[in-house]
Amino acid sequence: MSGTAVTTEAGPARTTAAGRTRALARAELTLLGRTRATLAAAVFVPLIMPFSLRSAVTSMRLEGTGLTVGSVLLPSSIGFALLFAVYGSLVSVYAARREELVLKRLRTGELRDVEILAGAALPSVAIGLAQCLILTVAYQVTLGVGMPERPGLVLLGLLSAFVTWPALAAVTASFSKSVEGAQVAAAPLTLVSLVGSGTFVPLELLPDGAAPFCELLPLTPVITLIRGGWSGHLSAHDTAGALATAVAWTVIAVFAVRRWFRWEPRR
Amino acid sequence: MNTNEHDDVIEVTGLRRVYGGDGKDFEAVRGVTFSVGRGEVFALLGTNGAGKTSTVELIEGLAPPSGGRVRVLGHDPYTDRAAVRPRIGVMLQEGGFPSELTVAETARMWAGCTSGARTAGQVLDRVGLAHRSDVRVKQLSGGEKRRLDLALALLGDPEVLFLDEPTTGLDVEGRRGTWELVRELRDGGTTVLLTTHYLEEAEALADRLAILHEGRVAAVGTPAEVTASQPSHVSFELPDGYLPGDLPPLPGLGVSGHETTGRTIRLRTGELQRTATALLVWAERARVELRGLDVRSASLEEAFLRISREAAAHDGDRTRTTEPAADPRKARKRGAAA
């Protein structure tokens, strides 16, 4: 038998969820490397902005708050990574794939919906994770932040974030009609998170009345868990609150994707 | 493979699809029923907006039907897509590939998501795109994009192939190439469901077809069956000095109706051979020449136009004429001949 492809009598080998997701993620990684704007936002912004923030943090009045320059900067930087490398980048990716009918085409194949969303998210999530590691090492060397006191909390915070934020990106993309529109749609949550989740300014330094609202924002529990995990100064009550908020946002985001995610452009 | 050879590969019963929208529901598919047997090429014909794509998307399992039932290879394609998808290939009406990937990268990605996939090189070769492997999708011509789409639909050697307007945007050569490929696939046992608004395409490829009109099946059968109910035509220029009344009595020739345009008369007949023979014998005896003589069997095109018009007239609750003309322009001039 030459020249023709032969499938075995037992039937062709079935694809696996991991294999399909990997094939899609590989293509997405190639695409990410070719979209300069997305790549720049994903790679440089979260790596450069924390350093530019350093002088601001150094001048903050941290005495009496139990915070150090390093313990403020590290969670903030991780927040940046999540907002720009993961959330902002994925909002554009999901909108672009929808508008090019790529999502619709993928849905005609063997990929399940969750595999499509995960495959598209993986490269951005990997970049976000890499940024977190690089930033941690950098702060350990330059600011001596040391190792986390309770690494479990840090991991839980990151784990919930890497599910919640891609899902929030998918939902955000659904409320836009184009890639440009998607970037605009991403702005409110990005800004609110920068201001209200302790990314720019530690919550301890915000006015008293704002704290209860800010604690309920989706990025806040992530920052709280990472900061608390590093310092070890997080009460059982605050830990439980942060974990509950993180889980609640994961559930809300996943539900919202199932309910509102649009796989095709509007007619 | 796993299903009984005699089973219908696609069964559609009473299918409905309603697009919701703030109290303004639009019913695109209104009770469509048909079936496609194993190894058949089945064409869904219809004007734009007839519900072809809406119907095919339900059969592909992209959305749940609002009503009715679909079975593909014995499974519900929406709820049981894990069982169906590895055995089908789908080509959507347009696009669906990231414009910044190359042809080869696109094929590799798709191969990683397809059970029993051939290599990218094999399928690209099959549709004549192998030499464009390293070109970005955004740089392909419209026809090349269609062929890439077709290549990927064929990647897993599907048992059932869905082609939504596969040749739209292709040049003549590309169209013939796709037709050739569809015939090869049919000969290899693949079941093909295609939509088209090219009647010649349906005539060239389809073993059976359904004409959709406003979400309903207006006619279904082999191309011969669908055209059989339609009249054939004989047209010619009236010889100088002759009026229609000078011809032999038309009902006696098997003619069911006629119309004139200038000097040209067009006869409708259910008995083409009898009508043509009688007419030619008359001309021979009268020693007149029938210039521009055209003897034509019923075509799918006429069947299509007539069915669309009848359905439209029915929908509009208008009185139906007993002799719908093949062309509205001629219908207006028909009075002159009566």
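The model is predicted, so local features need pLDDT of at least 70 and side-chain atom pairs count only at pLDDT 80 or more, while totals for chains, interfaces and linings use all residues. Residues are numbered from 1 along each chain as its sequence is written, chains are lettered from A and ligands numbered from 1 in the order in which they are written, and side-chain values use heavy atoms, with hydrogens and water left out.

**The interface**

Chain A puts 29 residues in contact with 35 residues of chain B, where contact means heavy atoms within 4.5 Å. The size of an interface is often given as the accessible area lost when the parts come together. Here the buried area (accessible area, 1.4 Å probe, that two parts lose on being put together, summed over both) is about 3000 Å², and carbon and sulfur atoms give 56% of that. On the side of chain A, the residues that lose the most area to chain B are A:Arg34, A:Arg105 and A:Glu110, together 25% of what that side buries.

The rule finds four salt bridges across this interface; a salt bridge is a side-chain nitrogen of Lys or Arg within 4 Å of a carboxyl oxygen of Asp or Glu. A:Arg105 forms one with B:Asp149, with 2.7 Å between the closest N and O atoms. Helices (H or I, at least four residues) and strands (E, at least two) are DSSP runs, numbered from the N terminus. The most comes from α1(A), with nine residues.

**A residue of chain B**

B:Leu209 is found in strand β8 (residues 208-213) of chain B. B:Leu209 counts as buried because its relative accessibility is 0%, and buried means under 20% relative accessible area (1.4 Å probe, protein chains only). Not counting residues up to four places away in sequence, B:Leu209 touches several residues, including B:Phe42, B:Leu45, B:Val226 and B:Leu300. B:Thr195 is 14 residues from B:Leu209 in sequence, and their C-alpha atoms are 9.5 Å apart.

**Annotated spans of chain A**

An unreviewed UniProt entry places the feature "transmembrane region" at several spans of chain A, among them residues 73-95 and 116-141. UniProt positions are in the numbering used here, feature names are shortened, and annotations may be inferred rather than shown by experiment.

| Span of chain A | Distance between end C-alpha atoms | Helix and strand |
|---|---|---|
| Residues 73-95 | 32 Å | 100% helix, 0% strand |
| Residues 116-141 | 39 Å | 100% helix, 0% strand |

Note on methods. Buried < 20%, exposed > 50% of the residue type's maximum accessible area, 1.4 Å probe, protein only.
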